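Please look at the sequence and the three-dimensional structure shown here. The paragraphs that follow lead through a few charged pairs and helix contacts.

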Amino acid sequence: MRDRQDTRTGEPHIRTRQFEAFVAGAAGRLLHAATLLTAETRARNPHAQALLTASLAHTYAQWDRLRGEDPYDRTRADLAARFARTAWRHHRGRGGVLSALTPQERLVLVLRLYEGVAEEQTAALLGLPEDRVRAVCARSVAVLRDRRRGGSAGPGSPGSAGRQAS
């Protein structure tokens with residue numbers, strides 16, 4: 001009788017330990033992705049932390065239903081969706097490395113280049129055609145390359161035409 005009670009009470013503990021192990025291994029990379037999305041700095045990234053916390057909470061709630069699905073992929077997809085829904089709040093950069101980009105450009109760039117998500121998957125996740133994802137990614141890289149060389153990528157500069165309409 002005692003063993004049965006331990007098994008029942010131990011089950012939530014196993015789930016929690018599995019989730020904690022996942023967070024220990026993935027949270028740093030996911031927080032960095034969220035920080036890039038919100039265009040905050042590593043030292044000050046409260047919006048990125050809030051996005052990640054909400055995504056991890058959602059993953060934890062769905063943990064028993066993952067059934068072989070990669071929890072990292074699930075959390076990353078949720079993080080991207082949450083950012084996309086709240087992107088208007090993160091329109092202006094806060095000094096982060098991607099602050100020169102629009103929210104959509106940051107989202108595409110982080111998914112494609114930082115996270116290595118395939119173009120087709122990125123397009124499906126964002127509800128965009130693949131050629132649009134390809135164009136946004138190329139334009140974003142060009143803007144960052146121009147900034148790195150010392151060019152101005154602000155509104156009205158060459159190479160930034162049409163960026164705000166994306």
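Glu105 has a relative accessible area of 0% and is therefore buried. The model in which this is seen is a predicted one. Glu105 takes part in a salt bridge with Arg139, in which the closest N and O atoms are 3.1 Å apart. Because Arg139 belongs to helix 6 and Glu105 to helix 4, the pair ties together parts that are 34 residues apart in sequence. The two partners may be set side by side: Glu105 is buried, whereas Arg139, at 21% relative accessibility, counts as partly exposed. The limit that matters here is 20%, since buried means a value under 20%.

How many salt bridges does a search of the whole structure find? The search finds eight. Another of them joins Glu115 and Arg76, whose closest N and O atoms are likewise placed 3.1 Å apart. This pair links distant parts of the chain, for Glu115 is in the loop between helix 4 (103–114) and helix 5, while Arg76 is in helix 3, 39 residues apart. Are these two residues buried or exposed? Glu115 is buried, with a relative accessible area of 10%, and Arg76 is buried as well, with a value of 15%.

A further salt bridge is formed by Arg134 and Glu119, with 2.8 Å between the closest N and O atoms. Arg134 lies in helix 6 and Glu119 in helix 5, so this pair ties together parts that are 15 residues apart in sequence. Arg134 is partly exposed, at a relative accessible area of 44%, but Glu119 is buried, at 15%. Salt bridges can also share partners: Arg29, Asp73, Arg76 and Glu115 are joined in this way into one network.

The discussion now turns to the packing of helices. Two packed helices are described by the angle between their axes and by the distance between the axes. The axes of helix 5 (residues 119–126) and helix 6 (residues 130–148) come within 8 Å and cross at roughly 105°. Helix 5 and helix 6 are therefore roughly perpendicular to each other. On the side of helix 5, the contact is made by Glu119, Glu120, Thr122 and Ala123, and on the side of helix 6 by Glu130, Val133 and Arg134. Of the residues in this contact, two are nonpolar, one is polar and four are charged. Glu119 and Arg134, the salt-bridge partners described above, both belong to this contact.

The crossing of helix 2 past helix 3 is right-handed. Residues in the contact include Leu51, Leu52, Ser55, Leu56 and Thr59 of helix 2, together with Thr75, Asp78, Leu79 and Phe83 of helix 3. By class, this contact of helix 2 with helix 3 has seven nonpolar, five polar and three charged residues.

One residue of this contact may be examined individually. Thr75 is located in helix 3, and its relative accessible area of 0% means that Thr75 is buried. Which residues does Thr75 touch, leaving aside its neighbours within four places in sequence? Thr75 is in contact with Phe22, Leu30, Ser55, Leu56 and Thr59.

How values were computed:
Residues numbered from 1 in each chain as written. Predicted model: local features only at pLDDT ≥ 70, side-chain atom pairs only at ≥ 80, totals over all residues. Heavy atoms only, no water. Axes fitted to C-alpha atoms, helices over the stretch in contact; angles between N-to-C directions. Helix = DSSP H or I, 4+ residues; strand = E, 2+ residues; numbered from the N terminus. Parallel < 35°, antiparallel > 145°, perpendicular 65-115°, else oblique. Contact = heavy atoms within 4.5 Å. Nonpolar A, V, L, I, M, F, W, Y, C, P; charged D, E, K, R; others polar. Left-handed = near helix turned anticlockwise from the far one by under 90°. Salt bridge = Lys/Arg side-chain N within 4 Å of Asp/Glu carboxyl O. Buried < 20%, exposed > 50% of the residue type's maximum accessible area, 1.4 Å probe, protein only.
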